[in-house]
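Please look over the sequence and the structure shown below before reading on. The report then takes up a few features in turn.

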Amino acid sequence: MNKMFQRGTALLSAAALAAGLAACGSSASSPAAASTTVAEPQSAAAASEPAAETSQPPKYIFLFIGDGMSYPQVQSTNYYLSALENGTSMGGDGDILEHEDSLSFVNFPVAGSAQTYDSTSFCPDSASTATSISTGHKTYSGTINMDETGTVSYETIAEKLKQQKDYKIGIVSSVNLNHATPAAFYCHQASRSSYYEIGQELIASDFDYFAGGALLKPTGADKDKTSLYDLAEEAGYTVVKTQAEAGAVTAETGKCILIDEHLADGDAMAYELDRADDEWSLADYVEKGIECLDNDTGFFLMVEGGKIDWACHANDAASTMTDTRALSDAVEKALAFYDEHPDETLILVTGDHETGGMTIGYAGTNYDTFLQNLDNQKISYARYDSDYVSSYKENNTSFDEVLDDVAELFGLVTEEAAGQAGEGGVTTDSADSHPTGVTSGSLVMTDYELGLLKDAYDLTMTRTEDTELTQAQYVQYGSYEPLTVTITHILNNKSGISFTSYSHTGLPVAVFAQGAGQELFEGYYDNTQIYFNLAELTGVQ
């Protein structure tokens with residue numbers, strides 16, 4: 001039986017994985033763990049056929065997870081960066097579309113696809129999908145490393161590597177360190193919202209390096225518990241909250257928790273679009289992680305680009321693409337390490353699910369795209385909300401004044417303003433003679449678009465916490481600020497990008513692999529197979 005068919009067997013049997021568990025082993029002990037019963041997964045592929053021969057087992061493993069990152073996020077970012085690099089994206093004579101891959105991982109020697117459904121839905125959440133990747137089990141949305149009854153816990157690949165192989169373990173995320181995806185490598189909770197208990201398990205994990213956004217609910221839901229940061233220090237962790245302190249951390253520091261100094265929305269790291277040049281990026285925390293974890297035995301480093309997901313929920317294409325680029329920059333740090341240890345290193349880049357139903361193409365632009373339009377957006381939707389919309393409400397700012405900010409921050413202008421400024425030119429990504437759409441890529445808003453923006457402005461300025469949205473309004477705005485999401489929708493559409501949802505979708509995700517054992521990640525398979533492949537390569541039980 002060939003390797004591709006092995007993977008296919010795992011795919012066809014994935015729905016039965018949770019039902020066919022064999023209980024064995026023991027989980028990481030923690031006073032906050034929801035259960036002491038542990039189940040061990042079994043790969044259908046491994047059960048039906050002997051393991052295929054692979055190259056030397058990886059001593060150093062990097063697992064990059066773009067939260068909400070599927071094919072649309074990867075390819076739109078790749079095209080966007082190429083369009084910016086190549087100007088009009090045309091050849092020297094102006095009639096041939098040219099493209100050069102700009103993301104660090106898209107040309108990895110192996111690329112596979114993983115389906116992402118969970119025990120709740122074909123449109124899963126981050127807790128369950130990260131559980132599948134880290135343990136090889138399916139579970140309900142909202143559950144982390146527990147079965148559907150909430151009574152059986154699953155040991156993670158990171159826990160096994162630490163306990164059985166003495167690997168050092170690192171967890172990095174651009175969002176909160178006790179958010180669902182990073183938590184899925186060290187905790188066991190029936191609810192992803194049990195932030196304090198998850199934080200307790202973070203400390204009990206005894207992992208070596210944590211870095212990124214702040215801990216949510218650090219003193220508990222009622223703010224009446226001992227701070228998680230104090231508990232971490234009592235447990236021997238060095239906790240730093242400034243960039244200068246983070247820079248001083250070394251391998252000799254020992255166990256450490258690095259909280260980004262410049263926290264933004266949700267106490268997470270800032271969107272890449274908002275990050276100042278002198279502020280640490282995701283790549284900086286990966287580089288520091290390598291410095292702290294590097295040793296002769298081995299290490300496992302999970303890195304989450306969590307704000308890709310947040311941007312997609314808000315239908316903010318520009319922030320989505322810049323944060324996807326930030327993840328690519330972080331992968332570059334792993335590639336530099338790989339160059340020094342090519343026979344001992346494995347780098348994986350994948351997503352947990354797709355968010356937003358993002359696509360390249362919009363009804364109003366037909367066969368054309370105008371991705372370079374997105375470069376006109378200067379700040380994320382979140383920063384626009386906090387720095388501008390809140391002020392509009394407080395000062396009852398007029399629509400005309402708001403339009404001035406929209407022009408400056410997003411490049412969208414009225415016909416009158418464009419005429420006065422002599423603007424309105426269009427830069428197309430296409431090099432053929434397809435008929436242009438109704439927007440033609442122009443950043444000058446049509447009467448229809450201006451009407452949408454005015455309606456959104458009116459709702460933003462008048463609604464209260466008690467305002468109930470109509471069905472039509474929810475489809476237009478979701479749970480986001482009507483004015484802000486309408487601005488990003490208009491700019492997205494004028495660029496040839498569209499979203500169908502404010503939630504997750506059921507698309508498969510790409511799995512890019514380079515290094516020792518890369519061949520196991522070829523094909524189309526279930527996301528649980530990522531765990532099984534890592535377990536097979538490292539020999540953990």
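## About the model

This is a predicted model, in which local features need pLDDT of at least 70 and side-chain atom pairs count only at pLDDT 80 or more, while totals for chains, interfaces and linings use all residues. Residues are numbered from 1 along each chain as its sequence is written, and side-chain values use heavy atoms, with hydrogens and water left out.

A search of the whole structure finds 14 salt bridges, a salt bridge being a side-chain nitrogen of Lys or Arg within 4 Å of a carboxyl oxygen of Asp or Glu. One of them joins the side chains of Asp125 and Arg192, at 3.0 Å from N to O. Asp125 lies in the loop between β4 (110-115) and α4 (126-135) and Arg192 in the loop between α6 (180-183) and α7 (195-205), so the pair ties together parts that are 67 residues apart in sequence. Here helices (H or I, at least four residues) and strands (E, at least two) are DSSP runs, numbered from the N terminus.

Asp125 is buried, with a relative accessible area of 10%, where buried means under 20% relative accessible area, exposed over 50%, and partly exposed in between (1.4 Å probe, protein chains only).

## A salt bridge within a helix

The side chains of Asp458 and Lys454 also meet in a salt bridge, at 2.9 Å from N to O, and both residues lie in helix α16, four residues apart, about one turn of the helix. Asp458 is partly exposed at 30% relative accessible area, and Lys454 counts as partly exposed at 32%.
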